[in-house]
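Take a look at how the parts of this assembly meet.

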Amino acid sequence: MSPDVGSPVGDLVPPDRVSRSGRSVVELVGVSKVYPNTRDAAVADVTLTVEEGEFFALLGPSGSGKTTTLRMIAGFERPTVGCVRLAGRDVTKLPPYKRDVNTVFQNYALFPHMRVADNVAYPLKFRSVGKAETASRVSEALDRVGMTGFERRLPHQLSGGQRQRVALARALISRPALVLLDEPLGALDLKLRQSMQLMLKRLQREVGITFVYVTHDQGEALAMSDRLAVMHDGRIHQTGAPDEVYFRPKTTFVASFIGKTNLVDAERDATGAVRAGGLALRLATTPAAEQFKVSIRPESILLAEAAEGAANTFDGIVRETIFLGSERELIVEVSGQTLLAKAASNVVLEAGTPIRVGWPAEACVVVVDPAEQAP
Amino acid sequence: MSAASEWSGGAIEEPLGERAKAAGIRVGLASPALLWVLLIVLIPNAIMLLYSFWTNGLGTIIQEFTTKNYSQALQSNVVRALLQRTFLIAVAASLIATAIAYPLAYLIVRRAGRYKLPLALLVVVPLWVSYLMRVFAWKIILGEKGVLNGLLQQAGVIDHPIKALLYSKVTVILTLTYVAVPYVFLSIFTALERLPTALYDAAGDCGASEWSTFRDIIWPLSRPAAVIGFAIAFVITFGDYVTPALVGGLQGTMLGSIILQEFGTANNWPLGAAIAMVILVVSFVFLGAVSLLARTEAVID
Amino acid sequence: MTSVASRAWSSLFVIGAAVVYVFLYAPLVVTAVFSFNNSDIQTLPFSGFTTVWYEDLANDVQMREALLYSFKVAALSVALAATLGTVLALILDRVAIRGKGVLSAAVVVPAVLPGMVLALSLLMMFRYIGVSPGFTTIVVGHMSFIAPIVMFLILSRLRQLDPSLEQASMDCGAGRLRTFWHVTLPSIRVTVIAACLLGFTLSFDEITVTFFLSGVQPTLPVHVWTLLRFGFTPEVNAVFTLIAAVSLVLIVLAAVLLSGWRPHRRNAPTSAPPIEQPAQTNVLALTYERTP
Ligand SMILES: Nc1ncnc2c1ncn2[C@@H]1O[C@H](COP(=O)(O)OP(=O)(O)O)[C@@H](O)[C@H]1O
Ligand SMILES: [Mg+2]
């Protein structure tokens, strides 16, 4: 991938990190999708690589093109332009049933007239697997997802979580190279969702199959994935490990969509000095752009004595404190900028108290807004 | 009975003594429905049953119980042959209509995209054109001097008009099929339309080709609707007398035509009633048998 | 890769579908076209354009009387069927009585019975109680199969309604009758109107039941039926074409009403809860119960 061609966001996508196994299971190269009779692309110039054995999350708000991307990998939609490779083979034009991929659908899509065991066994029907082996693989798959004993039930006799497990068993039974999951926990309540998250993660580790997992829940993506891609308006804004995406966001969208952050408008003058309103900022590196935003995570803002000696230190005034139980959020005004910071919950600070704040140079992450940079 | 209020909205528990009174009020509120069933369903059919056990004596009805009409009807070669023919014609027309409507509905649901609803409506629109017109038009098309013969002659395919196009069993089947297609289509289309598209995707995902998807998933889930459509077609065609009278000729006479005759020129109401009862019983038995095919455990939500 | 074979299959299907549409519309087109053909005989080639059959129609006294009679029959039977259908729907929706399953099945019997059987059973009942065939018998006959259809449409509407609206009304102190009048009825009004339009076309076109129940004065379809069998003229094509055109207009109207379209709202949109939910399948449901 050369950095000077493609979309403005494409420029920002870093060269893929060194993979864990070196073999790619999925490669999307410059893939776009424009649905018939629509104007805007649902997916625009997406390039990404998923490595073998990875738990890869596609994260983005509703309508950002996650499902469309997933459906192009599965073969339900054909890219308008671009190329889809599975295990190195170009499958762009292959129908779903000729791809070594299985999907867990958003609403499970269990066959309503088939019992659990028949639903799970269905993929084996097309893979010339004998009766005895089918039976043993079905019970193994059901055992893995904790659904032993439900073989004779019909889908409508199961709860949402149980249906999800059956759908998962069906996706795993033919031992595909890749399993795609489209917001599989979206319809479940919070408690169930958390226990299913653990189960999914454990399962993925046990079977060693590559998972591509679509979600709009940033917490879920951060907690579960080995790597994730953040999508917005059909484009990938950033790909990377959860900590990397969290601490080193590339775009304003990524910075604000994942976790809470302080985004301040900043500019660089000819001497390389960076100013954000009344604040002179010290950054670890000199940014290339002249106009940009700086993202500072609240938890990297140090307070009072701890702030002394940091690369950036300022005097501010506490405007408001919000008690969150395990911690306390402070809204601090610094030279006309309002910053969100965090303190331990036992720290008591009245509104109006002067306070010293500071953060290291590395805490300032330069982010850009690709929409503003677009030609 | 556990319901505490005559209005299903309420849920206030009443003391035991009030229950009988409440039940009385409920029956009172339901009385229009009960009256309706009594006056429009039970009494007329009971009287028809009664008539079928009376006899006709020179235009007046002798009110004495006898099974003579049934033995006469069932032993008569004409009635037996007509019953058989009517049954076969109705089954054939309903089957052909189903065989036409199913693929059409499938094609529209799967391939028509945003033209799905207009194309479906276009199939149903003929139902809103006069029934007589729909049947009679086939006489214009298939007659000896009809449109089809005219076209064929002009095209030089034939020298002389084909007479056999009209007034035959086949004509009746064709016309009844024509009448039945929209009903069957409606039943199948709404069922196919209700199936989530994710089911097609899921089957493809499991490795099923389009044909396997159809055979294993779509057909089992839409079969009940196809059967119901077939049954509707059967009920419509089995008791029809307009079509055979217009396009059937002698070859295409059906049981309905005989009833028409018994209530008309022959003026033998009891015999007509007996034949009508036969039609009623045969259609109910047949529909009961067919409905076994429509049973399914699947619940689509 | 899409194989050549599957492409061939696809185009075969599309051609088949096109043939079906031709099959469905050819008879209608033929009738309409021949209503303008300048000849007594329905045959090709056309002998020229004429509107003489429509003029004949306008001067045909019997036809006009039959038309008027059909209007009267349809108006009265639809009015009765609408009232009865609404009452039946309310009973089946709200009154909890034993054996409701059987009752709801029994109520719709007249609409699912073969038309001839319904007609004969009514005919014999009328003869038994000494009512001779005529206006009353036809109206009862039509009402018996239209009311269940009205009921079916209203019932599905009632089941979509939010019960909390009625509860709220009763909370506000409105009695059951007033609640029905001010809350329930307005929310099913559009469905009732659409069902009436549907019922009107059904009644207007009915032949199977009407034929047995009519007396000296025929309805329009019965009159045409006689013409078709004894003494056909292309005038019949003209009357068919006219009826088809009118039915289609009424049906489009009913479909539009059922799918929730409104020209404009007088109330502010925020103050009015959604009364009719658009449902495309409703349009199709219109035709569901129509049996000849
Ligand atoms: N079948 C379709 N036809 C037309 N537009 C579609 C279709 N599916 C999705 N879209 C549009 O494409 C965009 C991306 O949708 P989707 O991939 O479903 O996003 P996500 O899964 O992230 O919510 C949305 O704007 C959506 O409206
Ligand atoms: Mg989605």
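A salt bridge here is a side-chain nitrogen of Lys or Arg within 4 Å of a carboxyl oxygen of Asp or Glu. The model is predicted. By that rule, chain B and chain C share zero salt bridges. Eight residue pairs between chain B and chain C are in polar contact, both at pLDDT 80 or more. Helix H1 (residues 16-52) of chain B gives the most to the side facing chain C, with 18 residues. That side of chain B has 71 nonpolar, 14 polar and six charged residues.

Now the extent of this interface. Chain B brings 91 residues to the contact and chain C brings 86 residues. Together they bury about 8000 Å², with 80% of it on carbon and sulfur atoms. On chain B, the trio B:Trp36, B:Trp128 and B:Met133 supplies 12% of the area buried against chain C, more than any other three residues.

Turn to chain A. Its domain 1 spans 15-247 and its domain 2 spans 252-372. Their centres, taken over C-alpha atoms, lie 38 Å apart. Domain 1 puts 15 residues into the contact and domain 2 puts in nine residues. The buried area is about 1000 Å², of which carbon and sulfur atoms give 73%. A:Gln218, A:His237 and A:Tyr246 supply 48% of what domain 1 buries against domain 2, more than any other three residues.

Between these domains of chain A there are zero salt bridges. Three residue pairs are in polar contact, both at pLDDT 80 or more. Strand E9 (227-232) of chain A is one of the elements that each supply at least two residues of domain 1's side. E9(A) has the largest share of that side, four residues. By class, the domain 1 side has nine nonpolar, six polar and no charged residues.

Technical notes:
Residues are numbered from 1 along each chain as its sequence is written. Chains are lettered from A and ligands numbered from 1 in the order in which they are written. This is a predicted model: local features need pLDDT of at least 70, side-chain atom pairs count only at pLDDT 80 or more; totals for chains, interfaces and linings use all residues. Side-chain values use heavy atoms; hydrogens and water are left out. Contact means heavy atoms within 4.5 Å. Buried area is the accessible area (1.4 Å probe) that two parts lose on being put together, summed over both. A polar contact is a pair of N or O atoms within 3.5 Å; within protein, one must be able to donate a hydrogen and the other to accept it, and residues adjacent in sequence count only if both atoms are side-chain atoms. Ala, Val, Leu, Ile, Met, Phe, Trp, Tyr, Cys and Pro count as nonpolar, Asp, Glu, Lys and Arg as charged, and the others, Gly among them, as polar. Domain bounds come from an automatic or database domain assignment.
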